Amino acid sequence: MKSHRWGVRRLVVAGAALTALAVVAACGGGSKTDSASSSSSTGSADAVDAALKAGGEITYWSWTPSAQAQVTAFMKQYPNVKVNYVNAGTGNDQYTKLQNVIKAGSGGPDVAQIEYQALPQFALPGSLVDLNQYGFSQYESAYTASTWASVHAGNGLYGLPQDSGPMALFYNKEVFTKYGIAVPKTWDEYVAAAKKLHAANPKAYITNDSGDAGFTTSMIWQAGGQPFKTDGKNVTINLQDDGSKKWTATWNQLVQGGLVSNIPGWTDEWFKALGDGTIASLPTGAWMPGVMESSVKAGAGKWAVAPMPTYDGQPATAENGGSTESVLKQSKNPALAAAFVRWLNHDEGVKPFLASGGFPATTADLKDPAFVDKASAYFGGQKINQVLTGAAGTVVKGWSYLPFELYANSIYGDTVGKSYQTKSDLNTGLKSWQDALVTYGNQQGFQVNG
Amino acid sequence: MRVKRSKVLTGVMVLYLLYTIVPLAWLLLSATKTQDDLLSTPGLWFGKSFAFFSNITDTLTYNDGIFLRWLGNTVLYVVVGAGGATLLATAAGYGLAKYKFAGRRAVFAVLLGAVAVPGTALAVPTFLMFSNLGLTNTVWAIIIPSLVSPFGLYLMWVYSTDAVPPELLEAARIDGAGEVRTFFTVSLRLLAPGIVTTLLFAMVSTWNNYFLPLIMLSKPNLYPLTVGLTQWSNQATGVGARPIYNLVITGSLLTIVPLVIAFLLLQRFWQSGLSAGSVK
């Protein structure tokens with residue numbers, strides 16, 4: 001109970017200094033940002049190897065299911081390094097905590113899992129260590145082009161890609177066969193399939209979409225849109241560019257026609273609907289097979305994978321989901337933290353990740369015949385990785401997320417979500433999303449054009 | 001006297017009863033199902049198997065039995081936090097109601113203001129302050145803010161004003177009892193219903209507190225049940241999702257049991273409180 005005794009002592013101090021500290025907190029809160037220390041931490045590739053040899057202790061925040069196995073394997077290989085693994089929360093919960101410890105100036109982990117969509121939000125204000133200084137840019141050829149782009153913000157490299165989620169079309173073959181629907185190759189065929197299916201069985205829908213920011217941005221990405229552009233300080237938002245409009249022209253037909261189910265993703269109802277044929281297909285990331293195998297047991301043998309439908313029939317897809325591990329500026333041992341990141345996503349750490357059903361971002365694994373030609377029992381013996389690794393090579397280039405993407409996602413439901421609720425033009429929702437984002441961005445000190 | 005029945009009102013009340021009972025029934029029924037059954041059988045009837053007891057065992061043992069740790073944490077936060085809040089609110093409310101001193105009106109104004117500010121809005125500033133004190137990621141980060149209950153203080157203030165007659169205090173003073181003794185031997189008893197009400201409010205709000213522990217704590221070992229169960233529930237989301245809804249549901253059921261017991265034990269005090277002073 002050592003920690004409790006500590007607590008009591010601090011409590012006494014706290015009681016005495018409470019009033020004074022309230023003032024200190026009010027005045028000092030703004031000055032403790034990380035930007036000041038940006039020039040102090042420099043290193044090199046040798047520094048990483050030296051840190052690994054010297055050993056030490058680091059803390060790692062992650063919610064990925066393979067994290068514990070990875071940490072155990074790492075400490076076995078490097079017994080003089082102690083990694084404190086903490087599951088501080090999933091996604092947004094963890095980001096809330098990260099933002100707070102960054103604001104407070106202490107209490108953060110050395111290494112944290114961050115999704116690609118959230119990376120600019122932490123990288124651009126200077127809260128993360130630029131791994132270029134450790135020479136990590138030499139690993140470029142080891143990763144797919146799209147994930148390598150995703151771990152960059154500005155010119156900085158803020159992590160090594162862990163997984164990737166090139167999108168593909170997962171569909172319930174049993175349902176498609178029953179209603180005589182061919183696997184759609186274009187989005188027009190997909191809309192036609194949606195109509196045919198819903199007309200034949202009013203309880204069945206081609207897919208579900210009750211308004212999901214991550215899905216929308218991925219779909220605009222696939223359509224060739226680049227609604228968010230930023231160099232860190234200046235931001236341009238245009239949710240009415242050609243790509244965005246191309247997507248709404250297709251998706252409006254589904255939403256306004258009541259052809260998509262409004263079951264929200266990741267609920268028990270959703271898992272159920274994937275199993276019983278209520279939701280007949282999912283355009284989603286390549287990590288989905290692992291989820292279906294473990295959580296949609298009723299769908300075993302019924303589902304199959306096809307390339308994403310496109311607008312012109314030419315292969316094109318986008319990334320959906322995926323995350324990296326970044327080193328925080330707060331870290332007292334950034335070189336060791338960087339070494340851990342390198343091990344996680346470049347060395348032995350990839351193996352436990354693959355074993356837990358993750359979809360890799362490393363080109364070597366994506367080309368490995370053992371991986372590519374593996375037949376999946378769940379998908380009726382289909383060699384699904386042939387489709388998925390193919391998708392990894394056709395991700396549309398040039399996408400970037402907002403430096404306040406987490407905020408953007410949090411207000412998505414109040415803006416675009418309304419179009420879904422009223423089954424009205426998605427462009428109206430996208431415009432009001434854009435207006436709200438421009439206002440917020442300017443308030444936050446960005447120069448936003450939109 | 002014959003009571004006249006209104007068909008409309010009865011109908012409305014039946015609907016309201018269903019509205020409150022159905023979620024509880026769903027929770028009870030769902031706690032008897034395995035994860036697979038949850039996803040494949042109707043919500044308001046039993047599944048193919050009866051997994052209630054294995055669900056309870058799994059909930060208590062999943063992740064090295066961290067659920068029990070969370071339960072213990074919650075009990076600690078409620079006993080020390082809500083108990084302390086009630087104690088402080090009672091003493092302060094009584095003092096403010098029964099003694100005239102300078103600055104009393106100012107306290108009242110501050111208090112009314114404090115009631116209006118939701119705890120969630122204060123969570124981030126509180127985090128920054130506690131971070132400077134080095135208290136984040138400790139039990140104190142939850143207990144100290146829980147000790148402050150402006151609403152409880154207001155309640156005890158208002159209750160003390162009426163529940164303790166000034167004549168009684170004068171009588172005690174004339175008999176030679178000190179103020180502290182009067183408080184403990186005379187006033188406290190009269191205040192019991194108010195104290196229980198305050199305690200129940202403080203208990204429920206501490207038991208349900210989510211946002212404060214969410215941002216204060218990053219060690220799963222210190223989580224209360226609310227944050228822990230949400231983490232289990234979030235496990236079903238995104239890349240590498242591992243849904244364990246059956247454990248989340250069973251955990252939720254186990255979570256409300258202590259609250260129900262507390263209400264059953266304390267309600268007789270509460271009822272007497274509600275009727276106090278109605279007949280003179």
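Predicted model: local features only at pLDDT ≥ 70, side-chain atom pairs only at ≥ 80, totals over all residues.

User: Is A:S295 buried or exposed?

Analyst: A:S295 counts as buried, because its relative accessibility is 5% and the cut-off for buried is under 20%. Its side chain also makes a polar contact with the side chain of A:S294, at 3.3 Å.

User: Now the wider picture. How is the size of an interface often given?

Analyst: Often as the accessible area lost when the parts come together. Here, about 3300 Å² is buried between chain A and chain B, with carbon and sulfur atoms giving 63% of that area. On the chain A side, α1 (2-28), α4 (92-104), α11 (268-276) and α12 (288-295) each supply at least two of the residues that touch chain B. The largest share, 10 residues, comes from α1(A). By type, the side of chain A that touches chain B divides into 17 nonpolar, 13 polar and 9 charged residues.

User: How many residues of each chain are in contact, and how many residue pairs are in polar contact across the interface?

Analyst: In contact are 39 residues of chain A and 36 residues of chain B. The rule finds 8 residue pairs in polar contact across the interface, both residues at pLDDT 80 or more, while the count of salt bridges between chain A and chain B is 0.

Technical notes: Residues numbered from 1 in each chain as written. Chains lettered and ligands numbered in written order. Heavy atoms only, no water. Contact = heavy atoms within 4.5 Å. Buried area = accessible area lost by both parts, 1.4 Å probe. Salt bridge = Lys/Arg side-chain N within 4 Å of Asp/Glu carboxyl O. Polar contact = N/O pair within 3.5 Å; in protein donor to acceptor, adjacent residues only side chain to side chain. Helix = DSSP H or I, 4+ residues; strand = E, 2+ residues; numbered from the N terminus. Nonpolar A, V, L, I, M, F, W, Y, C, P; charged D, E, K, R; others polar. Buried < 20%, exposed > 50% of the residue type's maximum accessible area, 1.4 Å probe, protein only.
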